[in-house]
Amino acid sequence: MNREASDFSPGSRHIGYTVVCFVAVPVYDTEVCLLKKLILYGSKHGCTEKCAYLLRDQLGKVDTVDLCQSPSVDLESYDTIFIGSSVYAGQINKAVARFCTANLTILQKKQIGLFICCGLPDKAIEQLETGFPKKLVQIARAKGYFGYQLDMARLSFFERMLVRVLGKRQNERDIRHAAIKDFAQIFMQAS
Ligand SMILES: Cc1cc2nc3c(=O)[nH]c(=O)nc-3n(C[C@H](O)[C@H](O)[C@H](O)COP(=O)(O)O)c2cc1C
């Protein structure tokens with residue numbers, strides 16, 4: 001028997017076939033998917049902050065938090081976290097040190113990059129490795145020295161006296177743009 005579509009749908013005439021496909025289109029929560037990288041930093045006189053923003057320019061979509069201003073941060077939605085600090089009297093920034101210690105367990109589950117700004121290039125990585133918690137140093141995918149800046153007008157009276165004793169009387173600046181770029185590329189290539 002020759003069955004027409006009109007047999008199934010009274011009043012309509014069969015004129016051909018069509019194919020209906022069901023395609024599963026992934027739907028992303030853009031907040032969760034895009035905000036994957038975070039830069040945390042502590043800066044006393046602005047150099048580390050400047051370097052944090054130079055790093056951000058290399059990475060694209062990244063959140064940036066000054067730990068001296070916002071000491072508590074929700075790290076849950078980030079998978080890569082960069083942490084930067086300056087060095088004074090051989091110590092990393094107190095807010096950065098406190099944050100790393102308080103959040104060590106969750107930080108150890110992330111991809112970590114550590115960077116430092118300090119006036120002694122030859123001792124930079126040594127100061128980074130003694131300043132940050134050992135466990136973070138061990139898992140860090142990159143450790144960077146981004147240079148330093150000494151701006152006399154920003155220093156306190158005491159700090160000015162101290163650097164004068166070390167023979168420094170003028171502004172100095174050596175921000176290492178190439179090092180920041182290389183550091184960012186290590187992460188971009190791996191992800
Ligand atoms: C009082 C004083 C102490 C410093 N102590 C050190 C130090 O122990 N080791 C070092 O490598 N750099 C030292 N520096 C250099 C700073 O780490 C450098 O200027 C850095 O760029 C400051 O970063 P910030 O502007 O983000 O605070 C010192 C600078 C000052 C003014």
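A: His45 lies in the loop between strand 1 and helix 3, where helices (H or I, at least four residues) and strands (E, at least two) are DSSP runs numbered from the N terminus. The model is a predicted one, in which local features need pLDDT of at least 70, side-chain atom pairs count only at pLDDT 80 or more, and totals for chains, interfaces and linings use all residues. Residues are numbered from 1 along each chain as its sequence is written.

His45 counts as partly exposed because it has 17 C-beta neighbours inside 10 Å. On this scale a residue is buried if 20 or more other C-beta atoms lie within 10 Å of its own, exposed if 12 or fewer, and partly exposed in between, with C-beta atoms placed from the backbone. Leaving aside residues up to four places away in sequence, His45 touches Asp151, Arg154 and Leu155; a contact requires C-beta atoms, placed from the backbone, within 7 Å. The C-alpha atoms of His45 and Ser86 are separated by 9.1 Å, although the two residues are 41 apart along the chain.

Lys44 belongs to the loop between strand 1 (37-42) and helix 3 (47-59). Lys44 counts as buried, since 20 C-beta neighbours lie inside 10 Å. Its contacts, again without residues up to four places away in sequence, are Ser86, Tyr88 and Asn93. Of these, Tyr88 is 44 residues from Lys44 in sequence and 9.1 Å away, C-alpha to C-alpha.

Strand 3 pairs with strand 1 in the parallel sense over 6 bridges, pairing being assigned if DSSP finds at least two bridges between two strands. Within strand 3, Gly84 is the bridge partner of Tyr41. Strand 3 also runs parallel to strand 5 (residues 111-117), to which 7 bridges join it, and here Phe82 stands opposite Gly113. With strand 4 (residues 91-92) the pairing is antiparallel, over 2 bridges, and Val87 has Ile92 as its bridge partner. The hairpin of strand 3 and strand 4 has 2 residues between the strands, and Ala89 there takes a positive phi near 50°.

The ligand is surrounded by 24 residues, of which the closest are Ser43, Cys47, Ser86, Cys118 and Gly119; a residue is near a molecule if its C-beta atom, placed from the backbone, lies within 6 Å of it. Helix 3, strand 3, strand 7 (147-150) and helix 8 (157-165) are the elements that give two or more residues to this shell.

The largest nonpolar core has 37 residues, and Ile39, Leu40, Cys51, Leu55, Ile81 and Ile116 have the most contacts inside it. Such a core is a set of buried Ala, Val, Leu, Ile, Met, Phe, Trp, Tyr and Cys residues joined through C-beta atoms within 7 Å. Among the elements that each supply at least two residues are strand 1, helix 3 and strand 3, while the largest share, 5 residues, comes from strand 5. Cys51 touches, among others, Gly84, Phe115 and Cys117, not counting residues up to four places away in sequence.

Notes: Two residues are in contact if their C-beta atoms, placed from the backbone, lie within 7 Å.
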